[in-house]
Amino acid sequence: MELPKNLLPDEASPEWLNKGDNAWQLTAATLVGLQSIPGLVILYGSLVKRKWAVNSAFMAFYAFAAVLVCWVGWAYRMSFGDELVLFSFENSSFLGKPGVALDEKYLLGQAFLGMFPTATMVFFQGVFAGITLILVAGALLGRMNFRAWMLFVPLWLTLSYTVAAFSIWCPDGWLAKLGIIDFSGGYVIHLSAGVAGFTAACWVGPRSEIDRKRFPPNNIILMLAGAGLLWMGWTGFNGGGPFVASIDASLAVLNTHVCTATSLLTWLFLDTFIVGKPSVIGAVQGMITGLVCITPAAGVVQGWAAILMGLISGSVPWYTMTVLHNKVRFLRQVDDPMAVFHTHAIAGSLGGILTGIFAVPKLCRLFYMVPNWDKYIGLAYGLQNGRTSAGFRQMGIQLVGILFVVCLNIVITSLICLFIRLIVPLRLDNDELQIGDDAVHGEEAFALCAERDQRFVNSSNNTVYDAQEFSSIYVTRTFGEVQMV
């Protein structure tokens with residue numbers, strides 16, 4: 001029996017190509033790209049003070065473009081190519097050799113994993129790298145010198161992201177061979193972004209004093225649109241993790257949304273009954289922590305575990321952000337406008353630890369599809385099946401991975417910031433901080449509002465009653481106050 005003509009292999013459809021997998025992987029990559037542009041561009045541009053809308057959105061827009069060019073230029077092969085340095089431990093490594101990913105022969109061959117071309121893999125992994133730098137930007141909004149940001153993006157991608165990606169995701173990476181479970185980027189993306197963003201924020205310094213006191217979002221409704229794109233885009237983020245349109249991809253997608261919804265509701269209830277008011281911005285933070293927490297576990301845990309992870313990701317980061325933040329002096333001193341440390345570093349660490357507890361051996365087999373799949377086992381199942389030592393070993397590997405990513409990003413991010421400030425200032429000067437977008441870019445997001453504000457300044461006093469003509473009738477909590485109550 002012959003295959004239909006549309007299924008016969010040819011030069012454009014070689015025998016190893018699975019058209020369904022290729023179509024899904026390209027779709028998943030596009031969904032992840034939409035999380036960044038326009039998702040996080042809208043989210044950042046609407047969550048900041050009006051005068052920083054252009055700068056915040058443009059930091060994300062620039063990062064996405066810069067990363068993709070660097071990615072095909074050298075960073076992809078540093079993350080997933082041939083080993084640069086070999087360890088004695090199982091002939092593993094932590095970094096690949098730099099090389100371009102632009103040659104037709106290379107791009108049209110089969111990817112190192114999956115039944116689709118390398119070109120698809122390069123694009124898929126490239127949008128992951130792009131969103132990581134955009135998440136780092138969340139900790140630096142409202143004061144970082146844009147020229148310094150232009151230098152930071154390629155340097156951090158080259159020196160930090162590639163090391164974490166190779167170590168954890170590349171089959172030849174030392175943590176990958178050790179047996180770490182990171183389904184779709186809880187370590188490589190979220191923990192890295194949270195720690196790097198917080199570290200960079202230490203070196204860049206805080207926003208202006210007036211901005212730290214009052215930093216109201218300029219458009220909460222538009223913020224929800226950006227958050228919605230981020231949430232729905234996670235279907236591709238975690239659904240593309242197995243590199244195949246499989247039953248495990250379906251499970252990963254469902255677990256992702258169940259955990260996220262649970263986390264959002266948990267955060268909302270805590271805001272409502274402890275803080276006193278249901279906060280829209282707080283709900284978005286709960287959404288983000290849920291998405292981050294489930295990412296390393298999405299396709300290797302059961303649905304009930306996804307709900308438990310949502311309860312934990314909606315409560316622990318809520319506590320660290322609203323309670324612990326005000327009690328720890330160091331956390332108060334570091335200016336993190338989007339609370340990236342809490343939503344990504346804390347939530348990402350929780351996800352890695354909980355993955356080490358709840359990972360199901362059968363689901364790990366479906367995901368990894370390797371002969372030695374039985375080494376992947378959560379502590380809960382190790383205790384249940386009489387494999388206690390294997391369960392504790394998995395938990396230990398997860399903790400080693402957290403320690404490695406934290407140390408890597410503190411050291412490399414610090415060195416990068418120290419290097420950049422030898423060339424350009426990391427922080428804008430005080431005059432630019434007072435003006436915002438117009439001083440940095442010569443553009444404003446809300447020109448009509450600027451004209452209205454100028455009229456307010458010119459006629460601030462009522463000459464008849466010698467009183468303020470335009471008094472404040474609305475009391476608005478700043479984004480920072482909503483976060484760090």
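# Close-up views of a predicted model

View 1. Helices α4, α6, α10 (247-275) and α15 (361-368) each contribute at least two residues to the lining. Sorted by class, the lining residues of the second largest pocket are 23 nonpolar, 6 polar and 6 charged.

**View 2. F243 has a positive phi in the loop between α9 and α10.** The phi angle of F243 is near 65°, and the residue is not a glycine. F243 is buried, its relative accessible area being 14%.

**View 3. F128 and W169 form an edge-to-face aromatic pair.** A search of the whole structure gives 23 aromatic pairs. In the pair of F128 and W169, the ring centres are 6.1 Å apart and the planes lie at 80° to each other. F128 is in helix α4 (residues 118-137) and W169 is in the loop between α5 (146-168) and α6 (174-178), so the contact ties together parts that are 41 residues apart in sequence. Both F128 and W169 are buried.

**View 4. W234 and F237 form a stacked aromatic pair.** For W234 and F237, the centre-to-centre distance is 4.5 Å and the angle between the planes is 25°. An angle under 30 degrees counts as stacked. The two residues are 3 apart in helix α9 (residues 220-239), which means that about one helical turn separates W234 from F237. W234 and F237 are both buried.

**View 5. Two arginines lie over aromatic rings.** R77 is placed over the face of Y106, at 4.1 Å from the centre of the ring. In R207, the charged end sits over the ring of F215, and the distance to the ring centre is 4.4 Å.

**View 6. The largest cavity holds about 140 Å³ of space.** Across the whole structure, the search finds 3 cavities of 30 Å³ or more. Of the 15 residues that line the largest cavity, L43, Y44, Q285, I288 and M338 lie nearest its centre. Helices α1 (19-47), α11 (280-294) and α14 (340-358) each supply at least two lining residues. The lining of the largest cavity has 12 nonpolar and 3 polar residues, and no charged ones.

**View 7. The peptide bond from I37 to P38 is cis.** Omega for the bond between I37 and P38 is near 20°. P38 is part of helix α1, a helix that also supplies at least two residues of the lining of the largest cavity.

**View 8. A339 has a positive phi in the loop between α13 (329-333) and α14.** Phi of A339 is near 55°, and the residue is one other than glycine. A339 is buried, with a relative accessible area of 0%. Helix α14, at one end of this loop, supplies at least two residues of the lining of the largest cavity.

Conventions: Residues numbered from 1 in each chain as written. Predicted model: local features only at pLDDT ≥ 70, side-chain atom pairs only at ≥ 80, totals over all residues. Heavy atoms only, no water. 1 Å grid on protein atoms, 1.4 Å probe; cavity = no way out; pocket = protein on both sides within 12 Å on 5 of 7 lines; lining within 4 Å. Points joined across faces, edges and corners; volume = space filled by probe spheres on them. Helix = DSSP H or I, 4+ residues; strand = E, 2+ residues; numbered from the N terminus. Nonpolar A, V, L, I, M, F, W, Y, C, P; charged D, E, K, R; others polar. Phe/Tyr/Trp six-rings, centres within 6.5 Å; stacked < 30°, edge-to-face > 60°. Buried < 20%, exposed > 50% of the residue type's maximum accessible area, 1.4 Å probe, protein only. Lys NZ or Arg CZ within 6 Å of the ring centre and 35° of its normal.
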